[in-house]
Amino acid sequence: MNTSTPSWSTVDTHLGPFSAVVAGDGAVLASGWTADLTELLDVIAPSLRQAEPRYMPDLGAVTRAITRYHAGEPEAIDTIEVRQRSGAFLEHAWHVLRKVPAGEPVSYSAYAALAGHPAAVRAAASACARNAAALFVPCHRVLRGDGSLGGFRWGVDIKRRLLDHEQRYRPHGAGHD
């Protein structure tokens, strides 16, 4: 993969087309359930938009992780590098969100506490809403306090199906059953 030019690709999944934009070094800049590149380019921080991405049918480790995740290996996304820019709280919150295990969703208030700011529930919700790297930064794993789904950029139906998928395929021994 070229080290300076960003690339993008779309993978067909059981949830629909999933596209990712990656930096020249392979870090995910944006991703989601769409085949429309502009939907992803619009959410990349301006400081990370260095050049127009070129289409590549295979993004290497990122494409493999997308395929493996959708095939039933939720942990396949865990080692993929992600690069997002915003304020210190949001960047920290996105990092923390990557540690929420598949099959074990948390509430927005629990997520705020995990991020070190238990009173910042709205800021935690904003971190989910502003997350450009869906799936790799699993904002779908955050629910309302009453257990209802809340919103999701890619649709509540996709969020529900992701949670069901992760519950079904979570690693043996995970959870509190």
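Me: What does serine 9 stand opposite in β2?
Reply: Serine 9 stands opposite alanine 20. This is a predicted model, so local features need pLDDT of at least 70, side-chain atom pairs count only at pLDDT 80 or more, and totals for chains, interfaces and linings use all residues. Residues are numbered from 1 along each chain as its sequence is written, and side-chain values use heavy atoms, with hydrogens and water left out.

Me: And threonine 10, what is opposite that in β2?
Reply: Serine 19 stands opposite threonine 10.

Me: How many bridges link β1 and β2, and in which sense?
Reply: β1 covers residues 7–13 and pairs with β2 over 7 bridges, in the antiparallel sense. Strands here are DSSP runs of E, at least two residues, and helices are runs of H or I, at least four, numbered from the N terminus. Two strands pair if DSSP finds at least two bridges between them.

Me: What joins β1 to β2?
Reply: A hairpin does, through 2 residues.

Me: Which residue in β3 is the bridge partner of alanine 20?
Reply: Serine 31. β3 spans residues 28–32 and pairs with β2 over 4 bridges, again in the antiparallel sense.

Me: What about the hairpin of β2 and β3, which residue takes a positive phi?
Reply: Glycine 26, with phi near 95°. That hairpin has 5 residues between the strands.

Me: What holds strands of a sheet together in general?
Reply: They pair through backbone hydrogen bonds, either parallel or antiparallel.

Me: What is the strand order in the sheet?
Reply: The order is β3-β2-β1-β4. The sheet is open, has 4 strands and shows mixed pairing.

Me: Which are the edge strands?
Reply: β3 and β4 (54–55), as each pairs on one side only.

Me: Is β2 mostly covered or mostly open?
Reply: Mostly covered: 5 of the 7 residues in β2 (16–22) are buried. Buried means under 20% relative accessible area, exposed over 50%, and partly exposed in between, using a 1.4 Å probe and protein chains only.

Me: New topic. How many disulfides are there?
Reply: The structure holds 0. A disulfide is a pair of cysteine sulfur atoms within 2.5 Å.
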